[in-house]
Amino acid sequence: RSDIKTQYKLTVRDLKLSDAGIYTCEYGTHKVHTSLHIVNLTISLNGYFLQNEVPELILTQNSSSPLPDLSITLFDHNNNRVTPEIQNKNLQEYIVNLKELKTMDNGTWMCQIHSDSPLINQNISFAVKVLGFQNPDLERKYATVDSTVTLSWHLNSQEIKWRKGFTGQLNWKQQECAESHELLDFSVTAEGQLHETKKSNNLLFEIPESKPESTVEVKLPKVHFNHSGQYQCQLEYEGRHAQSKIELVVLKVSANPAGPLSRGASVTLTCQVSGPLAPNAYLSWERVNGTKMDIKNSKQREVKLEVNITTAGLWSCHLIEDRDKKITFHYHVEEASVWINNVIIGASIGGSLLVFALGCLCIISGVSWQRRRQRAKRMAQARQHLLENKTCQCQQ
């Protein structure tokens with residue numbers, strides 16, 4: 001592994017820790033000694049990580065003289081100083097743990113080594129590749145019943161030119177403890193080609209054909225209330241896993257009764273979401289172009305809000321989070337037409353007159369019946385009296 005480039009220059013390639021020591025150059029009676037200090041830096045998993053994994057750096061040194069106490073400083077790919085956690089330090093070997101990695105940590109990092117005696121100032125660069133999702137750790141997506149929604153997971157495999165292919169799957173479950181349904185499998189080749197296979201028919205969804213590279217997508221063309229829940233996209237690489245969740249929250253509105261609003265009547269509007277809300281989220285009813293009296297808010301994290309209304313028009317239910325309207329569902333309450341109102345009023349008046357007439361008839365019938373009863377009683381008394389008189393005459 002060595003050769004002499006010139007008469008006084010020796011080149012040693014592919015240095016190893018065992019190459020450390022004292023090298024002597026002899027020229028006649030003259031001897032010159034040079035001490036070679038070797039430092040080796042290795043990174044766990046060969047520098048290929050999934051998001052949220054913690055890299056481990058091992059710095060090893062070897063020298064013929066007593067080993068110096070090294071000072072280690074790390075810089076990320078943006079040249080920001082990183083404070084590592086040193087797990088082991090015995091002069092010969094330093095074990096350093098970094099923070100949990102994010103996809104934004106991809107790039108070339110720098111390890112700066114310093115010692116005062118002997119004087120050492122050495123920079124060692126190393127590559128960090130983090131495979132994962134560019135989505136937030138937990139993303140919430142809002143949709144209304146019967147609308148169309150597309151859920152997307154963006155991988156960074158194209159950005160970092162991942163050296164090998166990996167596989168993954170997309171699962172869905174309505175609640176944390178519910179049964180999980182596998183929606184699709186996917187695989188990505190080393191060239192970045194994404195292949196998807198639909199696995200389940202228990203949910204009406206589609207796999208869009210046209211989409212950005214390294215993107216996993218599912219489309220729900222007509223959202224149902226029970227399509228809510230957690231959609232988790234998971235990728236696997238060499239037996240390790242990384243995942244990203246999207247929480248789908250579905251909102252629906254109903255009215256009781258559902259028909260037109262007649263004059264003097266009321267309708268109960270109900271706005272409901274399919275799952276728990278964020279701590280700073282709430283529901284709100286308001287009438288479009290109405291007054292402040294037409295606004296009603298729920299308590300925070302309350303998943304159902306009812307309002308009794310007597311005014312027709314366009315009513316809106318908002319899901320508000322951090323003072324931002326995440327989604328709005330409009331519901332038009334129709335007012336009963338004039339002829340319907342007239343029919344209702346006429347029916348009410350007619351009904352009242354009918355009740356009055358029936359009441360009068362009952363009173364008249366009662367009076368007539370009472371009179372007939374009294375007349376029959378008087379006649380019976382007269383017959384009894386006449387019979388008693390005839391009996392007396394016969395006895396005489």
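Me: Is Cys271 buried or exposed?
Reply: This is a predicted model, in which local features need pLDDT of at least 70, side-chain atom pairs count only at pLDDT 80 or more, and totals for chains, interfaces and linings use all residues. Residues are numbered from 1 along each chain as its sequence is written, and side-chain values use heavy atoms, with hydrogens and water left out. Buried means under 20% relative accessible area, exposed over 50%, and partly exposed in between (1.4 Å probe, protein chains only). Cys271 has a relative accessible area of 0%, so the residue is buried.

Me: Which residue forms a disulfide with Cys271?
Reply: A disulfide is a pair of cysteine sulfur atoms within 2.5 Å. By this rule the count comes to one disulfide. The sulfur atom of Cys271 has its counterpart 1.9 Å away, and the partner is Cys317.

Me: What parts does the pair of Cys271 and Cys317 tie together, and how many residues apart are they in sequence?
Reply: Strands are DSSP runs (E, at least two residues), numbered from the N terminus. Cys271 lies in strand β22 (residues 267-273) and Cys317 in strand β26 (residues 313-321). The pair therefore ties together parts of the chain whose separation in sequence is 46 residues.

Me: Is the link of Cys271 and Cys317 left-handed or right-handed?
Reply: Cys317, too, is buried, with a relative accessible area of 0%. The angle about the S-S bond is -80 degrees, and the link of Cys271 and Cys317 is left-handed.

Me: Which residue in β11 stands opposite Asn88?
Reply: β10 pairs with β11 (residues 93-97) in the antiparallel sense. Four bridges join these two strands. Opposite Asn88 stands Ile95.

Me: What backbone oxygen does the side chain of Gln61 reach?
Reply: Gln61 sits in strand β7 (residues 56-62). With a relative accessible area of 1%, Gln61 is buried. Its side chain reaches, at 2.9 Å, the backbone oxygen of Pro68.

Me: Where is Leu91, a residue in contact with Gln61?
Reply: Contact means heavy atoms within 4.5 Å. Leu91 has a positive phi of about 70 degrees although it is not a glycine. Its relative accessible area of 33% makes Leu91 partly exposed. Leu91 is in the loop between β10 and β11.

Me: How far apart in space are Val39 and Ile124?
Reply: Val39 is found in strand β5 and is partly exposed, at 26% relative accessibility. Beyond neighbours within four places in sequence, its contacts include Ile113 and Ile124. Val39 and Ile124 are 85 residues apart in sequence, and C-alpha to C-alpha the distance is 9.5 Å.

Me: Is Asn289 buried or exposed?
Reply: Asn289 is found in the loop between β23 (281-287) and β24 (296-297). Its phi is positive, about 60 degrees, although it is not a glycine. At a relative accessible area of 77%, Asn289 is exposed.

Me: Over which residues is the pLDDT below 50?
Reply: pLDDT is the predictor's confidence in each residue, from 0 to 100. The chain averages 85, and 85% of the residues score at least 70. One stretch has a pLDDT below 50, and beyond near neighbours in sequence it has four contacts in the model: residues 338-345.

Methods: Pairing = 2+ DSSP bridges. Polar contact = N/O pair within 3.5 Å; in protein donor to acceptor, adjacent residues only side chain to side chain.
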